[in-house]
Amino acid sequence: MDRRKFMGTLPILSLLGDKMMETISFDKEVDWIKVKSLFPKSDVLNLNSGSAGVMPNLVEQSLIDVLTELNRRPVYKVWGGWKEQVLEIKRGLLEYINADNHSIALSRNATESLKQVIYQSRIEAGKSILIADWDYPNVCHDCKYRCEKENRPIQILSENLSTLEDTELVKVYENAITERTGLVVLTHITHREGRIMPVKQIIKIAKEKGCLVLLDGAQSYGHIHISLSDLNPDFFATSFHKWFNSPLGCGGLFVKNDKRSSLQHPYFPESEDAFEQFENIGTSAYYQWLGLAASLVFNNNHLHSKQKQKRLRFLSDYLRNKLGDDVLFSVPDTGQYAGISSFTFRSSNTKEGLLVNSLYNDFKINTKLVKRKDASYIRVSTNVFLEESDIDKFVDTLGIIK
Ligand SMILES: Cc1ncc(COP(=O)(O)O)c(C=O)c1O
């Protein structure tokens, strides 16, 4: 699919005024230094896009413009006037991941979208929800809570993710999923390890056994190349503010068209628009969603998802080489990962938490501490606004303080 098809849709471009950017050809090598120059300069080195990304100048400015317009006019009239643009934005978001068989409801983040499915999906009485201890903690909590309230079984997978090959992992799910499983919850890219999971095979198995499948794509949209029609989950929940360069507070719930009736209790049942039913949360920071128009233009113009994934993997591999043999990664070099790497030192006496704090407090380098059972890791997210010299700075600093 031509990702730039979206560019021909004028209502969105009208939101961006004259701030259009040059379009690159996807056949050419991307000029990554130029891409970096499209982001604001900062005295903080942000190696934590896994929590929240950075908006490029275009997105930041378009958000300010929209907010300014909103603040000078009657809010609901302006919002009503933006209906067409929001529909265009939704079309663009669907196209970006080739979601031909899905519709999208916008939300504030992945958490909100995940909750909608976890709490509102119609699961036959007595059937279980299947999760794994590498899923996001809030997701695990919500699934446990629902199961407890409805007196339904919960299945929790617990394995050493770092040592399992993809085929073994698929087998673990295959053995766990039965006809008594109602909802299978999967994570596309795990938040601690950054592992890209073999979800296509698992989804196929789950659906053959008649389960509903919720795919948590909080870390995957805008990070790796995705074809949702190929993966085929019933529900896909994501945040656009991590890897898609969008304003904070933008997320989405993608629902397979033939599974809309599997969601009950929408927020706003009176609405005739099936998806507005899941979007209407009362007066809120609607204008954030308009910022998605600029994110779409940015990603469609400069960053084809395959090139982006390749670049993020390249930067992660650069980091791995630079760190050398003294570190242990939670996904092996031969494994599936892109822009997230988590590691611990084999020989340092300094605790990972202290290193993460010192990196930020003393050197303005933002990373994240992640924990699994009794192990702690330093999580580093690479992104398109970084270059090799940024990774050098991080590794050199770590060498001084460890
Ligand atoms: C796998 C996963 N799911 C869900 C979330 C929640 O995302 P948000 O805070 O944007 O709602 C995160 C956040 O890091 C995550 O990594």
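I first looked up the residues around the ligand, and found S51, N109, A110, T111, Y136, T187, H191, D216, A218, Q219 and S239; a residue is listed if its C-beta atom, placed from the backbone, lies within 6 Å of the ligand. By class, I recorded three nonpolar, seven polar and one charged residues in this shell. Here Ala, Val, Leu, Ile, Met, Phe, Trp, Tyr, Cys and Pro count as nonpolar, Asp, Glu, Lys and Arg as charged, and the others, Gly among them, as polar.

I note that this is a predicted model, in which local features need pLDDT of at least 70 and side-chain atom pairs count only at pLDDT 80 or more, while totals for chains, interfaces and linings use all residues. Residues are numbered from 1 along each chain as its sequence is written.

**Overall fold**

I found 15 helices and 13 strands in the protein chain; these are DSSP runs numbered from the N terminus, helices being H or I of at least four residues and strands E of at least two. The radius of gyration is 21 Å, close to the 21 Å from the globule rule for 402 residues, so the chain is as compact as a globular protein of that length. The radius is taken over C-alpha atoms, and the rule is 2.2 Å times the number of residues to the power 0.38. Buried residues make up 45% of the 402 residues.

I then traced an open sheet with the strand order 9-10-13-12 and antiparallel pairing; two strands pair if DSSP finds at least two bridges between them. Its edge strands are strand 9 (327–329) and strand 12 (368–372), each pairing on one side only. Strand 9 pairs with strand 10 (residues 340–345) over three bridges, in the antiparallel sense. Within strand 10, F345 is the bridge partner of V327.

**V199**

I located V199 in helix 9 (residues 199–208). Is V199 buried or exposed? V199 counts as buried because it has 24 C-beta neighbours inside 10 Å; the cut-offs are 20 or more other C-beta atoms within 10 Å for buried, 12 or fewer for exposed, and partly exposed in between, with C-beta atoms placed from the backbone. Leaving out residues up to four places away in sequence, I found that V199 touches L186, H188, L215 and L231; contact requires C-beta atoms, placed from the backbone, within 7 Å. I also checked V199 against A105, which is 94 residues apart from V199 along the chain; their C-alpha atoms are separated by 22 Å.

Notes
Two residues are in contact if their C-beta atoms, placed from the backbone, lie within 7 Å.
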